[in-house]
Amino acid sequence: MSHVGEPILRLATRGDLDALVRLEEAFPEEDRFNRRTWRRLLAGNTIAHVAEYNGTLAGAAVLLLRYGSRIARLYTLSVCPEMRGKGLASQLMLAGENSAKEKGCDRMRLEARESNHTAILLYERNGYRVIARVADYYPNGETAVRMEKTLGMSLGEKR
């Protein structure tokens, strides 16, 4: 994918469904979301951002929100292989964090495979810290690390 300039970050819509399913093809089969899962995510209590270069979807991040909770959960973060290492994941996370703050959340959590050192380093560079290990979290029995970041005050809050 060739890109020029900055990506366009925007909220995902149902019209992005095909592109979101295609984006998942870069992941191991057991970690992919199918069309039905994406449809449910886009219709749920979520905030989904996508990044586009020249009209092509290059990445996505989905946050889950729970009514009455001030903790948002980064449920999935995906960037197409040819765009990795260019800061797109960090931009998507920041957009999600800002949206979570606007919704009244003061923390963001996520889980990552303990063996996914690249992802864990990315999250640590973006201010996330490991708060727990969760055994047998993934279908194949792999352990997850649960990570959390305290979100700063949103623009509308008084200091």
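1. Is arginine 35 buried, partly exposed or exposed? In this predicted model, arginine 35 has a relative accessibility of 33%, so this residue counts as partly exposed. Buried would need a value under 20%, and exposed a value over 50%.

2. Arginine 35 has a charged partner: its side chain and that of aspartate 18 meet in a salt bridge, at 2.5 Å from N to O. The pair links distant parts of the chain, with arginine 35 in helix α2 (residues 35–43) and aspartate 18 in helix α1 (residues 17–24), 17 residues apart. Aspartate 18 counts as partly exposed because its relative accessibility is 42%.

3. Side chains of opposite charge can pair when their charged atoms come close. How many salt bridges does a search of the whole structure find? The search finds twelve. Two further pairs are described below.

4. Glutamate 111 and arginine 73 meet through their side chains in a salt bridge of 2.9 Å, N to O. Glutamate 111 belongs to strand β5 and arginine 73 to strand β4, so the pair ties together parts that are 38 residues apart in sequence. Glutamate 111, at 15% relative accessibility, counts as buried, whereas arginine 73, at 27%, counts as partly exposed.

5. Strand β5 also holds arginine 109. This arginine forms a salt bridge with glutamate 148, and the closest N and O atoms are 2.5 Å apart. Because glutamate 148 lies in strand β7 (residues 144–150), the pair ties together parts that are 39 residues apart in sequence. Glutamate 148 counts as buried at 16% relative accessibility; arginine 109 is partly exposed, with a relative accessible area of 25%.

6. Which residues are linked with Arg109 and Glu148 in a network of salt bridges? The network also includes Arg70, Asp106 and Arg107.

7. The next points concern empty space. Rolling a probe the size of a water molecule over the atoms shows where such space is left. The largest pocket has a volume of about 1000 Å³. Its lining is made up of 35 residues, and Phe27, Leu77, Asn116, Ala119 and Tyr123 lie nearest its centre.

8. Which elements give two or more residues to the lining of the largest pocket? They are β4 (71–79), α3 (88–102), β5 (107–113) and α4 (117–125). The largest share, seven residues, comes from β4. By class, the lining of this pocket has 18 nonpolar, seven polar and ten charged residues.

Notes:
Residues are numbered from 1 along each chain as its sequence is written. This is a predicted model: local features need pLDDT of at least 70, side-chain atom pairs count only at pLDDT 80 or more; totals for chains, interfaces and linings use all residues. Side-chain values use heavy atoms; hydrogens and water are left out. On a 1 Å grid over the protein atoms alone, a cavity is a set of points where a 1.4 Å probe fits but cannot get out, and a pocket is an open set with protein on both sides within 12 Å along at least five of seven lines; lining residues have an atom within 4 Å of a point. Grid points are joined across faces, edges and corners, and a volume is the space filled by probe spheres set on the points. Helices (H or I, at least four residues) and strands (E, at least two) are DSSP runs, numbered from the N terminus. Ala, Val, Leu, Ile, Met, Phe, Trp, Tyr, Cys and Pro count as nonpolar, Asp, Glu, Lys and Arg as charged, and the others, Gly among them, as polar. A salt bridge is a side-chain nitrogen of Lys or Arg within 4 Å of a carboxyl oxygen of Asp or Glu. Buried means under 20% relative accessible area, exposed over 50%, partly exposed in between (1.4 Å probe, protein chains only).
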